[in-house]
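Here are my notes on this one, as numbered points. Have the model open while you go through them.

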Amino acid sequence: MRNLPDGKDILDPTLYAGTRRPREEATTLPHWVYTDHTWFEREMATMFRPAWHFAGLASSIPQPGDFRTLRLLDEPLLVVRGDDDQVRVFRNSCRHRGSLVVEEPSGNCRGLRCPYHSWTYSLEGVLKHAPGLDGHRREELAGLGRNLVQVPSGIREGLVFVHLGDPATAPTLDAYLGNYLSTVAVPHQTAQMVAVHEREYVLDSNWKLYVEVDMETLHTQHIHRGSIGEQPVTTPHAEGHWIGVHHASEHTPALHPGERHTGFPHTKGLTGAAEHGAHFSILLPGFFLVTAQDVMWWIHKIPDSATRTRVRVGYSFPGSTVDRPDFDDVYPRYAKRLDQVVEEDDWITEHQQQGLNASPPGCYVPEEHVVHRLDNWILDQVLGDRDAVHD
Ligand code: FES
Ligand SMILES: [Fe+2]
């Protein structure tokens with residue numbers, strides 16, 4: 001639904017002046033930014049295409065030939081470790097006539113074979129065999145670049161990132177991350193993490209509703225009354241394209257309040273704020289990562305459309321924890337609590353979406369000040385040069 005004032009362009013900055021005001025006086029983003037296709041396309045062009053996106057843990061593909069497939073921004077991708085031990089990301093699309101090359105979500109292989117006409121590629125993406133073409137033509141095709149198309153990627157502290165926009169204008173990965181690594185990834189030892197559970201599903205809600213709920217603590221005592229309770233936070237200084245909060249506690253946030261003393265020991269080597277609490281951070285636009293003393297989990301939001309969001313959830317622990325003899329006995333308590341909280345947030349974002357159409361602007365209370373910052377970052381990206389007003 002689109003309910004703009006008569007004659008207004010949806011990108012007219014004056015429509016968003018209320019959100020630009022100081023938090024105490026600000027009004028929330030107009031409802032159409034959660035439903036409108038034109039606005040959504042602009043978000044894709046200004047936020048999602050220029051961004052670096054999380055594509056999994058390097059520890060999930062430890063051996064040459066190990067691979068993972070995923071879809072990001074509606075593009076099929078293949079993450080594979082080559083014989084040279086390098087992790088590469090390719091478009092999972094055959095250079096003959098575009099079929100998916102690999103269908104399985106994960107596995108190990110010695111080469112990559114398209115099921116349609118059996119063109120085969122090495123683990124490094126080089127075309128090796130092309131049935132139907134004689135040797136001469138095959139060499140010609142190789143010369144013309146019929147290898148799998150490689151996507152810019154990088155690994156930092158065990159996290160694999162990809163870029164799906166124009167490489168000519170892409171920020172470097174390190175510029176994009178800013179102090180995310182030194183504040184979140186390094187102190188929390190993300191390189192040690194091993195994924196023990198991953199799943200993906202689609203919600204009928206706009207992606208922003210889900211990142212907004214991640215960044216406010218007002219709802220935890222209501223939506224997560226039994227699973228989290230109150231969770232006061234502070235806001236660390238963020239440079240680069242991320243925002244986050246820190247919850248100080250000597251106990252894990254990943255177990256039910258009555259069970260927090262029954263978890264795994266803290267990860268060895270944690271430093272600074274990581275030793276005394278958990279960071280809840282969003283690598284913008286949509287990668288929500290929680291790094292606690294004993295566990296790391298993510299809820300990655302990838303929009304399919306203005307009102308549909310693909311959600312990729314993952315739970316991970318240090319390798320030394322996964323190797324513990326009691327891992328299978330203790331882990332179910334984490335899984336139960338983490339699943340419950342994800343379901344509660346899934347529910348409220350779909351519920352909120354249903355109430356948005358034609359609603360007048362709302363407000364931001366003190367516990368929602370990071371949501372106010374987040375919404376202003378979104379306006380910065382979408383409106384760009386059109387908007388000279390910043391608070
Ligand atoms: S489309 Fe892949 S071999 Fe023909
Ligand atoms: Fe929540």
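1. How much space lies in the second largest pocket? About 150 Å³, going by the computed volume. Bear in mind that this is a predicted model.

2. As for what surrounds that space, the second largest pocket has Phe67, Val101, Val102, Glu103, Glu104, Cys109, Gly111, Leu112, Arg113 and Pro115 in its lining. Sorted by class, six of these are nonpolar, one is polar and three are charged.

3. Now for the largest pocket, where the volume comes to about 460 Å³. Its lining takes in 25 residues. If you want to find the middle of the largest pocket on screen, pick out Thr28, Leu209, Glu212, Gln352 and Glu368, which lie nearest its centre.

4. Which elements give two or more residues to the lining of the largest pocket? They are α6 (207-214), α9 (327-356) and α10 (369-383). The largest share comes from α9, with five residues.

5. α9 has 30 residues, and from its first C-alpha to its last it reaches 43 Å. That is close to the 44 Å expected at 1.5 Å a residue.

6. One last thing to check is what comes after the helix: α9 is followed by alanine 358, and the phi of alanine 358 is positive, near 70°.

Methods:
Residues are numbered from 1 along each chain as its sequence is written. Chains are lettered from A and ligands numbered from 1 in the order in which they are written. This is a predicted model: local features need pLDDT of at least 70, side-chain atom pairs count only at pLDDT 80 or more; totals for chains, interfaces and linings use all residues. Side-chain values use heavy atoms; hydrogens and water are left out. On a 1 Å grid over the protein atoms alone, a cavity is a set of points where a 1.4 Å probe fits but cannot get out, and a pocket is an open set with protein on both sides within 12 Å along at least five of seven lines; lining residues have an atom within 4 Å of a point. Grid points are joined across faces, edges and corners, and a volume is the space filled by probe spheres set on the points. Helices (H or I, at least four residues) and strands (E, at least two) are DSSP runs, numbered from the N terminus. Ala, Val, Leu, Ile, Met, Phe, Trp, Tyr, Cys and Pro count as nonpolar, Asp, Glu, Lys and Arg as charged, and the others, Gly among them, as polar. The expected span of a helix is 1.5 Å times one less than its number of residues.
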